[in-house]
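Please read the following briefing alongside the sequence and the coordinates.

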Amino acid sequence: MVTDFEIANHRLSEFGFVVGHITTNGDTKTISIGAELTFNTVKNNHSSVHSVTSSSYENVYTTELEIFKKNCNKSRDNMILSSSEIRQLTRWLNKRGHYKFKPFDYNMDDDIHHYGSFNVDMITIAGQVIGLYLHFTSNAPYSFGEACITKHMLLNPTDRMAIWGDGDEIYTIYPKIEIKCFSDGNLVLTNHTTENVIDIKNCKNGEIITIDGEHKVIFSNKEEIHTTLPNDFNYSYFDILIDEYGVQNEYSSTLPCEVSVAYMPIRKVGAY
């Protein structure tokens, strides 16, 4: 069960509040993990069997929480929220944009987090506000885990680097990478598992090339020298294959370089 959370660089406990249950019984509940697939099917004309033609995540992850004051002395007066407290909490929680939301739960041993924001409603008794009802909407249909960040040296064409993709989804990741070149020349970075090839011509010694696979962006720290970079790149992005068997992705480079890889693995775990 979630008792505290962090969003927009602040924790709920900093304000003297806790997560709990005011309007519902917290003993038993169904918890959504998100990642709800929609299956498009076509019925066979000769039977009742439906064939799946495609599937997709149609909705983003959402969850609801109730918060109230941490009332150690059980005083009724200490339960009531003032208008300034309501405004302060709403200003913090109800923002435009997507902010990192991390629930703290003693059942979780991973850095499970989401990106999104809250809508806020008041919970009242006899005209007095005793808590807030929070509805969180994320920017994705699932959670994310702690960032996976690795560095690899490929100094010879025969050198290999291996990456085992981490995540709860069977898919191909296109992470953000940095390639630090150790000599001038043409760079061919190959994933021998998927046969995906990155080809960048006219690289410079000491040049750091950043490729953002999610947003399909490439840039260099030496753009004033490597002015032809947009034309020298084949626009094939670094990939990591993830399957249910823990496949190893194996890479090589024709140019001596250091490759840094960073991505956030998908986690199909909801907020308790």
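The points below are grouped by topic.

This is a predicted model, in which local features need pLDDT of at least 70 and side-chain atom pairs count only at pLDDT 80 or more, while totals for chains, interfaces and linings use all residues. Residues are numbered from 1 along each chain as its sequence is written, and side-chain values use heavy atoms, with hydrogens and water left out.

**Chain overview**

- The chain holds two helices and 22 strands, where helices (H or I, at least four residues) and strands (E, at least two) are DSSP runs numbered from the N terminus.
- Of its 272 residues, 38% count as buried; buried means under 20% relative accessible area, exposed means over 50%, and partly exposed lies in between, with a 1.4 Å probe and protein chains only.
- The accessible surface of the chain is about 15200 Å², and carbon and sulfur atoms hold 48% of that area, as computed by the Shrake-Rupley method with a 1.4 Å probe, where for residues only the protein chains shown count as cover.
- Among contacts with a separation of 6 or more, 68% are between residues 24 or more positions apart, a contact being heavy atoms within 4.5 Å.

- Seven strands form an open sheet in the order 2-1-7-8-9-6-3, with antiparallel pairing; two strands pair if DSSP finds at least two bridges between them.
- Strand 2 (10-11) and strand 3 (17-20) stand at the edges, and because each has a single partner strand, one side of each is left without a neighbour in the sheet.
- Strand 3 pairs with strand 6 (residues 62-69) in the antiparallel sense over four bridges, and V19 stands opposite I67 of strand 6.
- Helix 1 (residues 83-93) packs on this sheet and touches several strands, including strand 1 (2-7), strand 8 (114-125) and strand 9 (128-138), with its direction at about 160 degrees to that of strand 8; axes are lines fitted to C-alpha atoms, for helices over the stretch in contact, and angles run from 0 to 180 degrees between N-to-C directions.

**Salt bridges**

- The count comes to seven salt bridges, each defined as a side-chain nitrogen of Lys or Arg within 4 Å of a carboxyl oxygen of Asp or Glu.
- R11 and D4 form one of them, with the closest N and O atoms 3.1 Å apart; R11 is partly exposed at 30% relative accessible area, whereas D4 is buried at 7%.
- K69 and E85 form another, at 3.1 Å from N to O, and because K69 lies in strand 6 and E85 in helix 1, the pair ties together parts that are 16 residues apart in sequence.
- In this pair K69 counts as buried at 14% relative accessibility, while E85 counts as partly exposed at 22%.
- K268 forms a salt bridge with E169 at 2.7 Å between the closest N and O atoms, which links distant parts of the chain 99 residues apart, namely the segment after strand 22 (266-267) and the loop between strand 12 (161-164) and strand 13 (171-173).
- K268 is partly exposed at 25% relative accessible area, and E169 is buried at 17%.

**A nonpolar surface patch**

- M153, L155 and F182 make a nonpolar surface patch of about 260 Å²; patches are made of residues with over 30% relative accessible area and no salt bridge, like charges being joined within 9 Å and nonpolar side chains (Val, Leu, Ile, Met, Phe, Trp, Tyr) within 5 Å.
- M153 belongs to strand 11 (residues 148-154) and counts as partly exposed at 42% relative accessibility.
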